[in-house]
Amino acid sequence: MAELVGDWGGGEVWRITSGSFPSNSYICLNREAGGALLVDGGLDPIAIDAVIKELGVIPSLVCCTHGHFDHAGSAEYFQIKYGASVFMHKADVKTYKMSNFLLMAFGFSERIKFASITQTSDEERICIGGFDVTFIPTPGHTPGSCLLSLGNALFTGDTLYAQGVGLSDLPGEKPELLKKSILSVWDALTSNLWIFPGHGKAIEGDRLKRENADLLRFLGLIT
């Protein structure tokens, strides 16, 4: 199911949540340049591609917040079909390569094919097709988890949710490092910034800081 959930400042943001392990994928449109950016390909490329066709756009790039299969699993599909470049922080490529092992461990029948990854570094800017995306490193959920900054939007993967905390006891997870990473961006979460998480609803930055009690307790900001 696709839903229009906001605007990054240069075009609409559409959210698709589907698949056997549901997570949010986002299609960002560009009003001036045309084309599209896909954030987190998820595990259901057919559902995402149906929305791409309905919108009448071609994704020129896929940006992954991290390497878990429910966020990067379909990247190869869009790379092959549309020639999209796929970007992921270099510290999460190993996590990405573990996807089929984790799918098997979780009891899922799906297996993914791996995209050719363009590895990014801390604070690296990707400027393609009228999009200007910055990879902000926030390790903790995974070693290479990043927040993706695009205009007045922040795509947060499993680092920040509107409600709850992105802890799942998966390999490579480090709760204290996640806490440090979130606190490093805390002051930037303002009313002018929309948070688009990997699971759940979108929320303004200042509301997240007020309303996510589980996160506030995890950070030690309330008792």
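Start by selecting T95, which sits in helix α4, residues 93-97 (helices are DSSP runs of H or I with at least four residues, strands are runs of E with at least two, and both are numbered from the N terminus). You are looking at a predicted model, where local features need pLDDT of at least 70, side-chain atom pairs count only at pLDDT 80 or more, and totals for chains, interfaces and linings use all residues. Residues are numbered from 1 along each chain as its sequence is written, and side-chain values use heavy atoms, leaving out hydrogens and water.

Is T95 buried or exposed? T95 counts as buried because its relative accessibility is 9% (buried means under 20% relative accessible area, exposed over 50%, partly exposed in between, with a 1.4 Å probe and protein chains only). Now show G67, H68, T142 and P143: T95 touches them, leaving aside residues up to four places away in sequence (contact means heavy atoms within 4.5 Å).

Next, colour the strands. The 7 strands form an open sheet in the order β1-β2-β3-β4-β5-β6-β7, with mixed pairing (two strands pair if DSSP finds at least two bridges between them). β1 (2-7) and β7 (117-120) each have a single partner strand, so one side of each lacks a neighbour in the sheet.

Zoom in on β3 (residues 23-29) and β4 (residues 36-39), which run antiparallel and are joined by 4 bridges. Pick C28, and you will find its bridge partner, L37, in β4.

Finally, select helix α1 (residues 45-55), which packs on the sheet and touches β1, β2 (12-18), β3, β4 and β5 (59-63).

Technical notes
Axes are lines fitted to C-alpha atoms, for helices over the stretch in contact, and angles run from 0 to 180 degrees between N-to-C directions.
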